[in-house]
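User: I would like to learn how to read a protein model, one feature at a time. Could you walk me through this one?

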Amino acid sequence: MNAQTSLSRFLSGSGIPPNLAKVLLTAAAGGKRISRELRRAGLSGETGITGDKNVQGEVVKKMDLLANEILVEAFRSAGDAALVASEEMEEPLVLFPGAPYSVLFDPLDGSSNVDTGGSVGTIVSVQRVPPDGGLGRESLLQPGSTQAAACYLNYGPATTLVLTAGSGAHLFSLDPDSEDFILTMPSLQIPKRGKVYATNEGQRAYHHPGTRKFLEYLQTPEKSDGRPYSTRYSGCLVTDVHRILLEGGIYFYPADTRDPKKPHGKLRLLYECAPMGMIVEQAGGRASTGRGPISEVQPTQIHQRVPLYVGSPHEVAMAEEFEAGSR
Ligand code: AHG
Ligand code: MN
Ligand code: MN
């Protein structure tokens, strides 16, 4: 592949079923529009909060809603998704019964960065509609291992799209002149180990003892194995995992001892952890709850949260050992 392979050309030559390629192109087109709106948000009055909270009790930014509308409308006009579910919608929307795929998304990930010029992202998971054709919310309660495809967009200094449809993870860069996504890094391979960890250390007081020990281990100087690690944390899962995918290391958002009703960390299984996990696994990395693969968690709710440890195989395996108390 050369630097001029566009996303549509890549998808049409990749052996991906045409209907699935179409869903990914729709997600990319939505992402392109979100990218444009982000660049002008300060000019168009789209910064700041709406004053509402979402279904998860979190502050909603104007750009969260705009990004959600853009993606819902993209899938509505493309006609290629049966159901769409989103962080910003309590219930899934039935769009095109009969379409073979459903889509779940985090329209704007890391949206607290929007007003301060930080990077943000979009995460999309594509699921097959179950053979019985049911279009209830239960049809979306599928483990990550059965995802048909996943992609994310990182809106940083450049807009980047990383996707997988089950045979490798591939990186495309948005050409600001042609407005095409161009394949710039095919078949990504995450380094087997890294030098960086990304986590919100301000929450340390609420971490379980195993998580605290793991963090202490990463921070303890030891020349022979490259410690201490460095911290790189942007407040945007996509941006932090993107760095780790390219350069190695680990991102983690662990379980929390603060609220016994919310023991599962912050990140949502179906539209954050499962798709990011699929992409990283397809690049040779791992995604774990700390106890086992994210991809094997059977969801019970659309907005379910799980602890997440994702990145290079070496650091994720180490995190699992600390979480299990075996080191
Ligand atoms: P979202 O903006 O979609 O709600 O996601 C924010 C997520 C994730 O992107 C980020 O890594 C994490 O929340 C940051 O949370 P803290 O502020 O607790 O570190
Ligand atoms: Mn998010
Ligand atoms: Mn979000």
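This is a predicted model: local features need pLDDT of at least 70, side-chain atom pairs count only at pLDDT 80 or more; totals for chains, interfaces and linings use all residues.

User: Let me begin at one residue: is S326 buried or exposed?

Analyst: Residues are numbered from 1 along each chain as its sequence is written, chains are lettered from A and ligands numbered from 1 in the order in which they are written, and side-chain values use heavy atoms, leaving out hydrogens and water. Now the general idea: buried means under 20% relative accessible area, exposed over 50%, and partly exposed in between, with a 1.4 Å probe and protein chains only. S326 has 56% relative accessibility and so counts as exposed. S326 sits in the segment after α7 (313–324). Its C-alpha is 9.2 Å from that of G210, although S326 and G210 are 116 residues apart in sequence.

User: Into which domains is the protein divided?

Analyst: Domain bounds here come from an automatic or database domain assignment. There is domain 1 (7–185) and domain 2 (196–324). Taken over C-alpha atoms, their centres are 22 Å apart. Contact means heavy atoms within 4.5 Å, and 48 residues of domain 1 are in contact with 30 residues of domain 2.

User: In what order do the eight strands of the open sheet come?

Analyst: Strands of a sheet pair through backbone hydrogen bonds, either parallel or antiparallel. Helices (H or I, at least four residues) and strands (E, at least two) are DSSP runs, numbered from the N terminus, and two strands pair if DSSP finds at least two bridges between them. The order in this open sheet is β4-β3-β5-β6-β7-β8-β9-β10, with mixed pairing. At its edges are β4 (93–94) and β10 (181–185), each pairing on one side only.

User: How does β5 pair with β3 and with β6?

Analyst: β5 runs parallel to β3, joined by three bridges, and there S86 stands opposite F105. With β6, β5 pairs in the antiparallel sense over seven bridges, and V103 stands opposite V126. β5 is also mostly covered: nine of its nine residues are buried.

User: Which helices pack on this sheet?

Analyst: Let me start with a pair of strands: seven bridges join the antiparallel strands β6 (residues 120–128) and β7 (residues 149–155). Helix α2 (residues 18–44) packs on the sheet, with β6 and β7 among the strands it touches, and its direction makes about 15 degrees with that of β7. Helix α6 (residues 269–282) packs on the sheet too, and its direction makes about 85 degrees with that of β6. Such angles run from 0 to 180 degrees between N-to-C directions, with axes fitted as lines to C-alpha atoms, for helices over the stretch in contact.

User: Which residues are the protein donors of the manganese ion (ligand 3)?

Analyst: Donors are N, O and S atoms within 2.8 Å of the metal (3.2 Å for Na, K and Ca), and sites may look incomplete because water is not among the atoms. Here E87 (OE), D106 (OD) and L108 (O) are the protein donors, lying 2.2 Å from the ion. Their spacing in sequence is E-x18-D-x1-L. D106 also bridges this ion and the manganese ion (ligand 2), the two ions being 3.7 Å apart. E87 counts as buried at 6% relative accessibility, and L108 counts as buried at 2%.

User: How many disulfides are there?

Analyst: A disulfide is a covalent bond between the sulfur atoms of two cysteines. The rule used asks for a pair of cysteine sulfur atoms within 2.5 Å, and by this rule the count is zero. For C151, the nearest cysteine sulfur, that of C236, is 14 Å away. The sulfur of C273 is 13 Å from the closest cysteine sulfur, in C236, too far for a bond. C151 is buried, with a relative accessible area of 1%, and C273 is buried at 0%.

User: What is the order of the five strands in the other open sheet?

Analyst: That order is β12-β11-β13-β15-β14, with mixed pairing. β12 (230–231) and β14 (286–288) each have a single partner strand, so one side of each lacks a neighbour in the sheet. β13 (residues 250–253) and β15 (residues 308–311) pair in the antiparallel sense over four bridges, with Y251 opposite V310. Helix α5 lies across β11, β13 and β15, at about 150 degrees to β13. In α5 (residues 237–247), eight of the eleven residues are buried.
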